[in-house]
Amino acid sequence: MTEKTYPHLLPAVQALAEAPDEARIRRIQTDRWLGYARAEAALSALEDLLSFPKRTRMPNRLLVGPSNNGKTMIVEKFRRSHLPGSEESARDGAIRVPVLKVQMPPAPDERRFFSAILEALGAPDRLNDRLSTKQDTAVRMMRATGVRMLVIDEVHNMLCGSRDQQRRFLNLLRWLGNELQIPLVAVGTAEGLRAIQSDDQLANRFTPFGLPPWEGGAEFTRLLNTLEASMPLREASNLSSSPMAQRLLSTSEGILGEVVTIVTRAAVAAIETGQERIVLDMLDSLGFIAPSERRHAVV
Ligand SMILES: Nc1ncnc2c1ncn2[C@@H]1O[C@H](COP(=O)(O)OP(=O)(O)OP(=O)(O)O)[C@@H](O)[C@H]1O
Ligand SMILES: [Mg+2]
């Protein structure tokens, strides 16, 4: 009896190819990290920023790109590679949090921003405390835990406030970076970029790093090959072959999260129907709608 091999799969995934359907479907539906050149470049830019020597005017970065295009995945990956405690413990035994990540509250509300910081540090947060008290506690805690970088995701939420609120918030960010002498990393859509650029002094301290929508080409081919190799289907789908790749690019409008969703659903269908590979027809029958059309479809 010859044993079947699965050269289209990553070595670690080959072992799963013979697993029962449910196990394979579960694997396909589990989020996994796919490396791609732009993400690796973003991670190394963040690494550079983290090792930047302390000085009064620290450089900052703005990770900017359309929604669902992998921004949060990158900063999460970065945070996970610098987990609390992975650095030498402080002499006083305090836990170290090298990379602190918070979400911008749904509006530029300073109290809620500091609450988010306290919560991320696992510190008690008294709801009724005044802004100045919260601010002092948050800054003290950030020092005590050795925070070396503050990542603020969903920074475009800043635009939900009045011009005045926005200006106050941007001032606060500038103050915080100076006070702690740590780099800030803002993450958001083009609107976030616009908000930050509305402040001249901040604009030239936040260097944008773009994660634009995908275009076809060698890098997209590599992405599709990686994606295919990570999903335990028993037959090769050749996702990067020309009509299929073209179709995935147009239906997703170049948005990474869409590509992953489409391929995930098609891979599950491939197992359920016993076809064991993704074919073009499947993409038709699953009825995917491009993200821009979907926005118009919801009333
Ligand atoms: N590097 C990656 N590896 C695997 N899957 C990814 C990767 N990046 C993005 N994805 C997929 O795309 C989805 C969206 O990514 P993410 O949440 O990072 O987008 P975002 O740019 O932060 O969007 P938003 O602006 O709406 O918050 C993820 O849930 C995941 O399925
Ligand atoms: Mg996000």
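From which domains does the lining of the largest pocket draw at least three residues each? Keep that in mind as you start. The model on your screen is predicted.

**Stop 1: the two domains**

Select residues 11-30 together with 214-297 and colour them. This is domain 1. Now select 37-210, which is domain 2. The protein chain is divided into these two parts. Their C-alpha centres lie 34 Å apart. The contact between them takes seven residues from domain 1 and five residues from domain 2.

**Stop 2: where the domains meet**

Domain 1 and domain 2 bury about 420 Å² between them. Carbon and sulfur atoms give 46% of that area. Pick out Glu-219, Ile-255 and Leu-256 on the domain 1 side. These three lose the most area to domain 2. Together they make up 68% of what the domain 1 side buries. How many salt bridges does the rule find across the interface of domain 1 and domain 2? The count there is zero.

**Stop 3: the largest pocket**

Move to the largest pocket, with a volume of about 450 Å³. Its lining has 21 residues. Select Asn-68, Asn-69, Gly-70, Lys-71 and Met-73, which are the closest to the pocket centre. Next, show α4 (71-80) and α12 (256-272). These are the elements that give two or more residues to the lining. Which of the elements gives the most? That is α12, with four residues. Now colour the lining by residue class. Six residues are nonpolar, 10 are polar and five are charged.

Here the opening question gets its answer. The lining of the largest pocket draws at least three residues from domain 1 (11-30 + 214-297), and at least three from domain 2 (37-210) as well.

**Stop 4: the second largest pocket**

The second largest pocket holds about 180 Å³ of space. Which residues line the second largest pocket? Select Tyr-36, Arg-38 and Asn-69 to begin, as these are among them. By class, the lining divides into six nonpolar, three polar and three charged residues.

**Stop 5: a salt bridge between helices**

Search the whole structure and 13 salt bridges turn up. Zoom in on one of them, Glu-179 with Arg-143. Their closest N and O atoms are 3.2 Å apart. Glu-179 sits in helix α7 (residues 163-180), and Arg-143 in helix α6 (residues 131-144). The pair links distant parts of the chain, 36 residues apart.

**Stop 6: Gln-103**

Finish in strand β2 (residues 99-103), where Gln-103 lies. Leaving out residues up to four places away in sequence, Gln-103 touches Ala-116, Asp-153 and Glu-154. Now draw a distance from Gln-103 to Val-263, 160 residues apart along the chain. The C-alpha atoms of the two are separated by 29 Å.

Key:
Residues numbered from 1 in each chain as written. Chains lettered and ligands numbered in written order. Predicted model: local features only at pLDDT ≥ 70, side-chain atom pairs only at ≥ 80, totals over all residues. Heavy atoms only, no water. 1 Å grid on protein atoms, 1.4 Å probe; cavity = no way out; pocket = protein on both sides within 12 Å on 5 of 7 lines; lining within 4 Å. Points joined across faces, edges and corners; volume = space filled by probe spheres on them. Nonpolar A, V, L, I, M, F, W, Y, C, P; charged D, E, K, R; others polar. Domains from an automatic or database assignment. Contact = heavy atoms within 4.5 Å. Buried area = accessible area lost by both parts, 1.4 Å probe. Salt bridge = Lys/Arg side-chain N within 4 Å of Asp/Glu carboxyl O.
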